[in-house]
Each structure stands twice: as C-alpha cells, then as structure tokens.
Amino acid sequence: MAANIVDVGFRSVALTATTAKTVVGLRAATNQAVKVLEQSVSFDGATSSNAPAVVDFATCTFGANAPGTNSTSATPTKREPGRAETTQLTAAHTWTTEPTTIAVVRPIDIGQYNGVYHYIHPFASPHVVAGGAGFVTRITSPNNVNCTGHLSAEE
Amino acid sequence: MDPSPLRPLAEEVRARNRLLATIPGSGHHPSDVDWRGRPRAPQLNGLPAAADHVLHFHDDERHVFIDRDADRVLDALREYHRQLAAHVNDNAAADLTGTQRNLYKLIPRLKVRDGVLELPAGRWNDYLEAIYQMGIGLTGVDLP
C-alpha cells in the first residue's frame, strides 16, 4: 500500500425503525486492493430508553447496487490533497436499495442516545478488500434516528 | 458508443426521478422529515432535486453520459476548468490540489462524441469532485 489514504463520510443519514440500511460503502477498483483503516458511527438520538442500533461492518460483493447505483456517489477525500494520484476506489452513501451480497464481519450494538463508535484497525489486524470487492456499514435501528460517521481506506 | 440502447432506460429513470418529490415518504417529498423534524428532501438541504439530476451509466471501466446530460456535464467541467485557469494565471498554481492539477490537464481533452461523454473509471473520482462542485446532482445507472 502506498499510503494514498482517503476518508468517506456520511452525515445525518435518516434511519427508519427496524429497516436495515447501508449508510456508507466503498468498492475497490478491479485491479487495486484497498486496506480499510477506520470506521466510525454515531447517532443523534435523544431518548435514553431506546434500545441500541445494530451496526454491521461488512464485506460486500456489490453484485447489485454498486456505489453510485441506488446510492449517492461520494467523492473520497484524500488525506494528502497535494497528491495527484486519482483515487481508484468508488464510494457512496445512503443506499435506497440494499446492495448485495453482504457478509457481516463485525456486528456491534451502539446506543442511539449519544452513541459513538470509532474503530481503528491495528497494524496486526488489517482488513484488506480485494480488487472489485467492497466494504460497507449497514445499520438497523429499532427507532427512527439519524447517523453520521465515516470509513477510511488506503490504496 | 451508440447511446440509443440507453435512451429508453434513461427516460424511465428520469420519469422516476420526477415522481420522487411527489411521493410522501420517498425522502424527496417536501413534507418528509427526519425524527428531529428536519426536512429530508435534498432540494431543501442545498442539493439538487432528483428531477434535476444527470444520469451516469457506469460499469467497472467507464462512466457515460448521454444526450443533454453529456452536454450539461461537459459545460460544467469546462466552467470548472475556467475557474482553475484563473487561479493558474494568478501564479497560484502551487496552491492547486493534486486533483485540480489533474483536471486542469484532463478537461480540455474531453469531447461529446455522437451524443456521448465517456469518462474513464480510473479518473472518475477527479471528475466527480468537479461535477459536485459545479452543483450537479447525479443518479447512477448500471451500464447494461
């Protein structure tokens, strides 16, 4: 990996109660693997008695609904804006139809009320996405709530 | 490439986009709000309405715009280039980001050919940044 690091953010994505929604995702270019570095999710719920949302950090084949289709294309933001290499991965947020096929890597409950989760992959445990494959954050909340967060990745 | 096989699909997607703002609960209707009562429709959040989106047909190799969408995107990219050129002429070229330096070289080479503007996937994120900065909304469609 040549440390071309990018961030893909999503802001105030509205979740509908009990409906799984892929809120952010990236897909590696066909011949360029990607290392996922960080994920974060936070919620703006104000009811402390609401049950947590289930957040799935997952791989995705993007057999259907690749980033940009039934989702909003996102420009990955380069950590180092001076670099000229064009980011090869594609990214999107707020899928309106779920992409397929998702395989959950790490599920976690995160509280809707002021819940924040930020995972930074340790050097000893990287998550490498093969060329053409993808990585997504999918959330199922028991109540209507908004979520904000990001993915970071390296090419 | 010949855009005519894409036109029926394009009209279908545009028709759906025009309908979205009329359907409560679609996320595009003016009355749609999130749990905090904030409007969800993009046109009420400083973003283009879905009815104003351009369509980009895409696969692993390219992103394609056809007909009036091709002209609109190319015009926007050329305007973006004009704005960059003004910056370069101010001897501030060193302040340009890597993406901007790429676009400064790439945009003059773009052409709409037979109603089609084709952007290579390997440069897509650069063009996407410029397209968004020029205020154009996108709806993506898988290239058949």
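Q: Does A:Thr101 count as buried or exposed?
A: Burial goes by relative accessible area: buried is under 20%, exposed is over 50%, and partly exposed is in between (1.4 Å probe, protein chains only). A:Thr101 comes out at 51% relative accessibility, so it counts as exposed. Bear in mind that this is a predicted model, in which local features need pLDDT of at least 70 and side-chain atom pairs pLDDT 80 or more, while totals for chains, interfaces and linings use all residues. Residues are numbered from 1 along each chain as its sequence is written, chains are lettered from A and ligands numbered from 1 in the order written, and side-chain values use heavy atoms, without hydrogens or water.

Q: Where does A:Thr101 sit, then?
A: Elements here are DSSP runs numbered from the N terminus, helices being H or I with at least four residues and strands E with at least two. A:Thr101 belongs to strand E8 (residues 100-110) of chain A. Have a look at A:Thr59 as well: 42 residues separate it from A:Thr101 in sequence, yet the C-alpha atoms are 8.2 Å apart in space.

Q: What is the peptide bond from A:Thr100 to A:Thr101 like?
A: Most residues other than glycine have a negative phi, and most peptide bonds are trans. The bond joining A:Thr100 to A:Thr101 is cis, with omega near -10 degrees.

Q: Let's switch to chain B. How many helices and strands does its secondary structure come to?
A: Four helices and four strands. Starting from the N terminus, they run α-β-β-α-α-β-α-β. Along the principal axes, the C-alpha atoms of chain B fill a box of roughly 50 × 40 × 25 Å. Chain B has 144 residues, and 44% of them count as buried.

Q: Why is helix H4 of chain B largely enclosed by the rest of the structure?
A: Because seven of the 10 residues of H4 (residues 124-133) of chain B are buried. Those are B:Trp124, B:Asn125, B:Asp126, B:Tyr127, B:Leu128, B:Ala130 and B:Ile131. Just after H4(B) comes B:Gly135, whose phi is positive, at about 80 degrees.

Q: How many cavities of 30 Å³ or more are found in the whole structure?
A: On a 1 Å grid over the protein atoms alone, a cavity is a set of points where a 1.4 Å probe fits but cannot get out, and lining residues have an atom within 4 Å of a point. Points join across faces, edges and corners, and volume is the space filled by probe spheres set on them. The search finds one such cavity. The largest cavity holds about 50 Å³ of space.

Q: Which residues line the largest cavity?
A: From chain A, there are A:Pro67, A:Gly68, A:Ser73, A:Thr90 and A:Ala91, and from chain B, B:His56, B:His63, B:Trp124, B:Asn125 and B:Leu128. Strand E7 (90-93) of chain A and H4 of chain B each supply at least two lining residues. H4(B) gives the most, with three. For residue classes, Ala, Val, Leu, Ile, Met, Phe, Trp, Tyr, Cys and Pro are nonpolar, Asp, Glu, Lys and Arg charged, and the others, including Gly, polar. This lining has four nonpolar residues, six polar and no charged.

Q: What volume does the second largest pocket have?
A: A pocket is an open set of points with protein on both sides within 12 Å along at least five of seven lines. The second largest pocket has a volume of about 460 Å³. Its lining takes in 25 residues, and A:Arg27, A:Thr30, B:Asp59, B:Asp60 and B:Glu61 lie nearest the centre. Strand E4 (residues 53-64) of chain A makes the largest contribution to this lining, three residues. By class, the lining of the second largest pocket has nine nonpolar residues, 11 polar and five charged.
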